Amino acid sequence: MTTAELTRFRIPADRAQELLDARPGMLEAFRTDRHGFLGAQLVRIDDEQWLDIVWWDTAEDLDASKAKGGNLPAIQAFFAPISELLSSERGTLLDTTAQPW
């Protein structure tokens, strides 16, 4: 079943552009290196808090991705401005009438 990874994090406001600039490279790295990666949305909550919603084909695909961590430079570049992980959760997509990708 499609799995959502919900990661809330904090970055200093003055590093927001660095995060945004690194995003396309990180997504491309996920597309080529992470089996089951379906897509992602990035939500800015306020000046320093963000929510990354990442979609996986299965929970096992998410687990395999987490095991790889920041194994590629493009992924490391996206993680670099993050100063604090606030929460990390997962859930199963139940309403498929409007796929997010």
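**Figure 1. Overall fold of the chain.** The secondary structure of this predicted model consists of three helices and four strands. Read from the N terminus, these elements follow the order β-α-β-β-α-α-β. The radius of gyration is 13 Å, close to the 13 Å that the globule rule gives for 101 residues, so the chain is as compact as a globular protein of that length. The C-alpha trace spans about 40 × 25 × 20 Å along its principal axes. Of the contacts between residues at least 6 apart in sequence, 72% join residues at least 24 apart.

**Figure 2. Surface and charge of the chain.** The chain has an accessible surface of about 5700 Å², and carbon and sulfur atoms account for 53% of that surface. Buried residues make up 34% of the 101 residues. The side chains include 10 positive and 17 negative ones. The centres of these two sets of charges lie 2 Å apart.

Figure 3. Helix α2 covers residues 59–68. Which of its residues are buried? They are D61, L62 and S65. Seen down the axis of α2, these buried residues fall within an arc of 100 degrees, so they line one face of the helix. An α-helix has 3.6 residues a turn, so residues three or four places apart point the same way. The face of α2 turned away from the buried side carries the exposed residues E60 and A67. After the helix comes G69, whose phi is positive, near 55 degrees.

Figure 4. Against which elements do the buried residues of α2 pack? Their partners are the strands β1 (3–10), β3 (49–56) and β4 (84–92), together with the helix α1 (16–33). S65 belongs to α2 and has a relative accessible area of 6%. Because a residue counts as buried when its relative accessible area is under 20%, S65 is classed as buried. When residues up to four places away in sequence are not counted, S65 touches F30, R34 and W56.

**Figure 5. Residue T3 in strand β1.** T3 lies in strand β1. Is this residue buried or exposed? T3 is buried, with a relative accessible area of 4%. With neighbours within four places in sequence left aside, the residues in contact with T3 are V54, W55, W56, D57, T58, A59, L62, R90 and G91. One of these, L62, is also among the buried residues of α2. T3 and L93 are 90 residues apart in sequence, while their C-alpha atoms are 5.9 Å apart in space.

**Figure 6. Residue L20 in helix α1.** L20 is part of helix α1. The relative accessible area of L20 is 35%, and this residue is partly exposed. Which residues does L20 contact, leaving aside neighbours within four places in sequence? They are L42 and W50. How far apart are the C-alpha atoms of L20 and E60? The separation is 28 Å, for two residues that are 40 residues apart along the chain. E60 itself is an exposed residue of α2, on the face turned away from the buried side of that helix.

Terms used. Residues are numbered from 1 along each chain as its sequence is written. This is a predicted model: local features need pLDDT of at least 70, side-chain atom pairs count only at pLDDT 80 or more; totals for chains, interfaces and linings use all residues. Side-chain values use heavy atoms; hydrogens and water are left out. Helices (H or I, at least four residues) and strands (E, at least two) are DSSP runs, numbered from the N terminus. Buried means under 20% relative accessible area, exposed over 50%, partly exposed in between (1.4 Å probe, protein chains only). Contact means heavy atoms within 4.5 Å. The radius of gyration is taken over C-alpha atoms; the globule rule is 2.2 Å times the number of residues to the power 0.38. Accessible areas come from the Shrake-Rupley method with a 1.4 Å probe; for residues, only the protein chains shown count as cover. Lys and Arg count as positive and Asp and Glu as negative; His and the chain ends are not counted. The place of a charge is taken as NZ of Lys, CZ of Arg, CG of Asp or CD of Glu. The arc is that of the directions from the helix axis to the C-beta atoms.
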